[in-house]
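I opened the notebook to record what I looked up, entry by entry.

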Amino acid sequence: MSEQAQLLPGTLDLLILKAVSLGPLHGYGVLLRIEQITHGALLAEQGALYPALARLEHQGLLTSEWGVSDNNRRAKFYQLTTAGRRRFREETASWNRLAVAIGAALSAKPQED
Amino acid sequence: MFARLRSMWQATWNRSRFERDLDDEMRFHLETRTEDLIRSGLSRAEARRRAGIEFGCAEAYQDRVRETRQVNWLEDFAQDLRYGLRTLQKTPGLMLVAVLTLALGVGASSWLFSMLRQWVVEAVAFPNPQRLEVLWKLDTKKGWTEYVSVPDFLDWRAQNHVFDSLSAWKSDEFNLTGGDTPERIQGARVSADFFRTLGVQPAEGRDFLSAEDQPGAPRVAIISYGLWRERFKSELNNRIIKLDGESYIIVGVVPEDFHFTLMGRANIWVPLVFTEKQRVDRGTGWLNILGKRKAEVAQAALEPSMSTVARNLEKQYPGTNTNSGIRINTLAKEIGKHVGDQAIYTGFIIGICIALIACSNLAGIYLARTLSRRKEMSVRLALGAKKSRLARQLLSENALLIPAAIALGLLFANFGGNWITNAIPYENRGYLPNYGRITVDTATVLYAIAIAALSVMIFSISPVLEGCRLNLTGALKESGSAASAGRSQRLRKLLVVFQIVLALIVLIPAGLTAKSLAALLRADPGFRPDHVLTAQMNLPSAKYANNFQRLVFYNQLIARLQALPQVESVGASQHMPFGHSSSDLDFWIDGRPEPAVGEVPSTQVSVATPGYAAAIGLSLLRGRFISEQDGPDTLPVVVISQTLAQKYFAQENALGHKLRLGRDDATWYTIVGIVKDVKFYNLGDEPMNQSYIPFVQAPSPLMSIVLHTTTDPMNLSAALQETVWALDKEQPISGVQTLESRISKEEAPIRIFTQFSAYFALLALFLAGIGIYGVMAYLVESRTREIGIRIACGAERANILWLVLSGSLKLAAVGVSIGLMGAWAIARLLMSQLYGLNTSNLDVYAISMAVLCAAILFATLIPVRRATKVDPLLVLRCE
């Protein structure tokens, strides 16, 4: 099993948005997609996904629709709204800025004198 | 935001589906995961177990979803209410006080609102009321308005471009006969298009035809709904009645809710027919004018447009129309002036102040409760409750009070208000809109809800915020009596100051109106109001066509009345004080230069019999009153009033000079006496010119009989009427009442206003007193520990007393100074409308402040005494 990093709070939302941005998914599918794109960093508890999904939908960033899954079962599919797409873009940009800043800080060399 | 609301709404609306979906979604996840694990080689049982562990506690996650969607808001609210109810039950006394004070405030405020609204709004209940205008002739030099003459009216109607229609009207009284008892009724003569101008359709029958106000038209009348129902038993069929002896056909009935405030209690309307003489008499103004502005014309354009018309008339008729303009007021404004709109605004302000006082009481109570629950709140916060949830809960508890207070308040308003108005004598209740009966209609209920909700919300927000901003560790410690957050102390002091300010604002107008009423009642009327019985009669011209007949009737009447036992003296005058009739004539003095046109002075004129002065107690200052020696053929004489004498004969003896009265009368009347002024319309009148000429020289059909009696005047009312009917059984008599009751009816509005102001002032004092007591008690209590320490360290009890007292005095000082400013502003509003307030009113201010300070001191007294009785050992021990 690959190393499982602890998910920082708040990043779960970002990952969900990213997962759904690639196409409509049901809850389990989002889980699989996240596992896939993070190369194996699983969620500690899978059920934690659902409150996050509910929150994003409550805020109007996702919409949901009942449909039929690959295994012929009734499942709830989530999709990004326009607002969700916008929020995703903003969050990604701000995360990248943060990453760059911290990376720069960590790679700073000690002063010579 | 809307997305969240929508989401919350959808979840709540179809709760079962929401729950089902939630279940299905998580089950799908688990089953699909199980299948995947089976595919990767685990047994079914093992796969299921693993999937379950990986998923975690489904119930917990379901709860979190529910929380996110806020699907429980309704249940939470119900829970809050139940909890609030339980808390209320723990401190019932406090909550009872809270609900009662709020109810009192809401009730008083709603009652005032309902009354004033009826006055203001329903006074103008016609279609397009904003286009209804009242026109006056304006004396541009002196700035006052006058009645309009017939030729001016006709010209205005013909020459204007801004009115759909202009109608004239004049109030009048009629003798109604034909049927049962003769009756004297109020009414008006109106242009044929009067009701059309107002936009009123008759409920029965028809309106006047345009031709019906021309000379020679058949005599028709329109009556009021009340008259139709009571006197004519709801039947018409071209009923013929006699008004002043002339036959009229009733053709229509106005709707039941028709009410034209400026016409008072008019019950019958007849067409206003102008005689030839009136059509050319441009100098005599006696008409009221009502107009309907054209829809496309703006209000502001009216006066400029009409002043062009006025200027044309001025050029054409310099003799009568110099310095004559046109003043136009909207009907609403005119009624407002009639009713006294500044009193109304003051009333509104008082109502709101009362409500606010009640609410700040509430705020004080809330603050107390919130702080005493600090410990409970801190524990809950420590256990993980969200601040928003706590705040919601506090607000919900308070919300319980609102419906209780509203319901109680409206009950107070209805029954309390009616109880108060029942204390007012019946005939005076007509001055209150709807006879003082409050109708709890939609608007009033909405107002009550708004005021109650607003006050509860405003005044509980801060304590709620306060409750949430707790320092956990500090609150959890057992330091209950440690200085409560300095912030809350400041808040409470602010509340006290606020209440003092409001109380002063309510007190001072009450004091001012009381002072005005006292001044009014002290004012010298110029006659003797007690032991005088009055009655008015108008001899119909059909029966009493010439002077001789009138002379005979009244002389006989007076002689017979004089013979009655218990009658000291009898007299009659054409117009009497508080008799609702008068006539003014221009006058000229002999030997003086002719005054400029438009500046001729005028005087009230009344014909009187010799006995009048004695009967009414008119003081003679010089010369003589009208006497037996004046006959139809002797020297024409006149008796003038003090004001006239002083104004025009200041340096000389007026007796012997001659006056000409009225344009139509060439007679020179010799002044033979000077009498004291009488107040005519109102005890607060400015002195005016008055004159009396002998009845025998100009017998008027309209006369007021005045009897000076030895006993209670009303004892003689039956005898008076019998004497009249013995002479003429069809002669209606009106206004048989004592002079005192006439005066009291006239002064009723100010008296009622004063009464109500006093009630409200008392209410305000009471509410403020409760509030101040509560806050002071708390402030003192919170210093109990400090006081205990001081005493233990040797402080004198007297010093403690002063310490606490000075605190409250400081607050009082601040409150009073701010309150004075607010009250002064309101006082200025009132002063223009009330009598006798021209002098500085320092006494009112001083008394009000003294009363308020006394109340404050009294409210502070009890807690202060308790403070000094503190046993230091007890205090220091129980922490």
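I took two strands as paired if DSSP finds at least two bridges between them. The model is predicted, and I kept that in mind throughout.

**Entry 1, sheet.** I checked E1(A) against that cut-off: E1(A) and strand E3 (residues 74-80) of chain A pair in the antiparallel sense over two bridges, so the pair meets the requirement of at least two bridges. I then looked up the partner of Leu25(A) in E3(A) and found Tyr78(A) across the bridge. Next I traced the whole sheet of chain A. It is open, has three strands in the order E1-E3-E2, and its pairing is antiparallel. I noted strand E1 (25-26) and strand E2 (62-68) of chain A as the edge strands, each pairing on one side only.

I listed the buried ones: Leu49(A), Tyr50(A), Pro51(A), Ala52(A), Leu53(A), Ala54(A), Leu56(A), Glu57(A) and His58(A). I also looked at what comes after the helix. Gly60(A) follows H3(A) and has a positive phi, near 85 degrees.

I counted residues in contact: 26 of chain A with 25 of chain B. The size of an interface is often given as the accessible area lost when the parts come together. For chain A and chain B I have about 2,400 Å² buried between them, with 55% of it on carbon and sulfur atoms. Which residues of chain A lose the most area to chain B? I found Tyr28(A), Tyr50(A) and His58(A), which together account for 32% of what that side buries.

I recorded four salt bridges between chain A and chain B. For Arg73(A) I looked up the salt bridge with Glu31(B), where the closest N and O atoms are 2.9 Å apart.

Helix H2 (27-37), H3 and E3 of chain A each supply at least two residues of the side that touches chain B. H3(A) gives the most to that side, with six residues. By class, I noted eleven nonpolar, nine polar and six charged residues on the side of chain A that touches chain B.

Methods
Residues numbered from 1 in each chain as written. Chains lettered and ligands numbered in written order. Predicted model: local features only at pLDDT ≥ 70, side-chain atom pairs only at ≥ 80, totals over all residues. Heavy atoms only, no water. Buried < 20%, exposed > 50% of the residue type's maximum accessible area, 1.4 Å probe, protein only. Helix = DSSP H or I, 4+ residues; strand = E, 2+ residues; numbered from the N terminus. Contact = heavy atoms within 4.5 Å. Buried area = accessible area lost by both parts, 1.4 Å probe. Salt bridge = Lys/Arg side-chain N within 4 Å of Asp/Glu carboxyl O. Nonpolar A, V, L, I, M, F, W, Y, C, P; charged D, E, K, R; others polar.
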